[in-house]
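Here are my notes on the model, point by point. Please read them with the structure open.

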Amino acid sequence: MKILLDTHILVWFHLKDNELSEKAWKILLDPENEIYYSSINIWETQIKHLKHEKEINFSGDDLNKMSIAAGLKCLHLRPEHCIELKSLVYDEKNAPHPHKDPFDRILICQAKAENMLLMTHDSLIPFYNEPCILSV
C-alpha cells in the first residue's frame, strides 16, 4: 500500500510518540508499504513553527531532513491535487464540528489523486467520506 501521512502522524512517527496506535506502527513498519510525506506537511510545519517557535521546536526544514533520513518518499504538490479539491464534500450534518484546515483538505486530495491512503488520527477527516482516508 502507498500511505501518505497526515502532518501529526509524521511528527509522531519521528518523535516515536505514544499517540501512535499499535495499528499505525504496524502499517508504518510493514516493509510492503510505501510511506510518503508531502511537501504540504513541510509547509504546514514551517508556518506553525514560525508562529509558535516555543511550542513547535522544529522547523519544516528539520521535518524534511528527518523524513529523508528515515527513507520516506516525498509527494510534491501538483496542479491535479489542487483541482481535486472540487470533489471534496464534508458531511456537515453528521460531523461534530466544521472542518477548516486547508492543509488536511489538500492532503486528502493528494492521496485521492495518487491512489494512496491518507493515514490520520484527526476525528474530523473521516467526515469527508473518502475511501482514501485511513483512520488510526
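**Notes on the sheet, helices and pocket**

1. In β2, K2 has E34 as its bridge partner. This is a predicted model: local features need pLDDT of at least 70, side-chain atom pairs count only at pLDDT 80 or more, and totals for chains, interfaces and linings use all residues. Residues are numbered from 1 along each chain as its sequence is written, and side-chain values use heavy atoms, with hydrogens and water left out.

2. That bridge belongs to the pairing of β1 with β2 (residues 34–38). The two run parallel, over three bridges. Strands (E, at least two residues) and helices (H or I, at least four) are DSSP runs, numbered from the N terminus. Two strands pair if DSSP finds at least two bridges between them.

3. β1 (residues 2–5) also pairs with β4 (residues 117–120). Three bridges join them, again in parallel. L4 stands opposite L118 in β4.

4. β4 pairs in turn with β5 (residues 133–135), parallel, over three bridges. Here L118 stands opposite I133, and M119 faces L134.

5. What is the order of the five strands in the open sheet? It is β3-β2-β1-β4-β5, with parallel pairing. β3 (73–75) and β5 stand at the edges with a single partner strand each, so one side of each has no neighbour in the sheet. The twist averages 35° from one strand to the next. Angles run from 0 to 180 degrees between N-to-C directions; axes are lines fitted to C-alpha atoms, for helices over the stretch in contact.

6. α3 packs on α6 (residues 102–113) at about 170°, with axes 10 Å apart. The two helices are therefore roughly antiparallel (the label for angles over 145 degrees; under 35 is roughly parallel, 65 to 115 roughly perpendicular, the rest oblique). I40, N41, W43, E44 and I47 of α3 meet F103, I106, L107 and Q110 of α6. Contact means heavy atoms within 4.5 Å. By class, this contact has six nonpolar, two polar and one charged residues. Nonpolar covers Ala, Val, Leu, Ile, Met, Phe, Trp, Tyr, Cys and Pro; charged covers Asp, Glu, Lys and Arg; the others, Gly among them, are polar.

7. α3 also meets α4 (residues 60–69). Their axes come within 7 Å and cross at roughly 145°. N41, I42, T45 and Q46 of α3 touch G60, D61, L63 and N64 of α4. The classes here are two nonpolar, five polar and one charged.

8. The largest pocket holds about 220 Å³ of space. A pocket is an open set of points on a 1 Å grid over the protein atoms alone, where a 1.4 Å probe fits, with protein on both sides within 12 Å along at least five of seven lines; lining residues have an atom within 4 Å of a point. Grid points are joined across faces, edges and corners, and the volume is the space filled by probe spheres set on them.

9. The lining has 14 residues, with T7, H8, V11, E44 and K48 nearest the centre. α1 (7–15) and α3 (39–51) each supply at least two. α1 gives the largest share, four residues. The lining divides into four nonpolar, three polar and seven charged residues.
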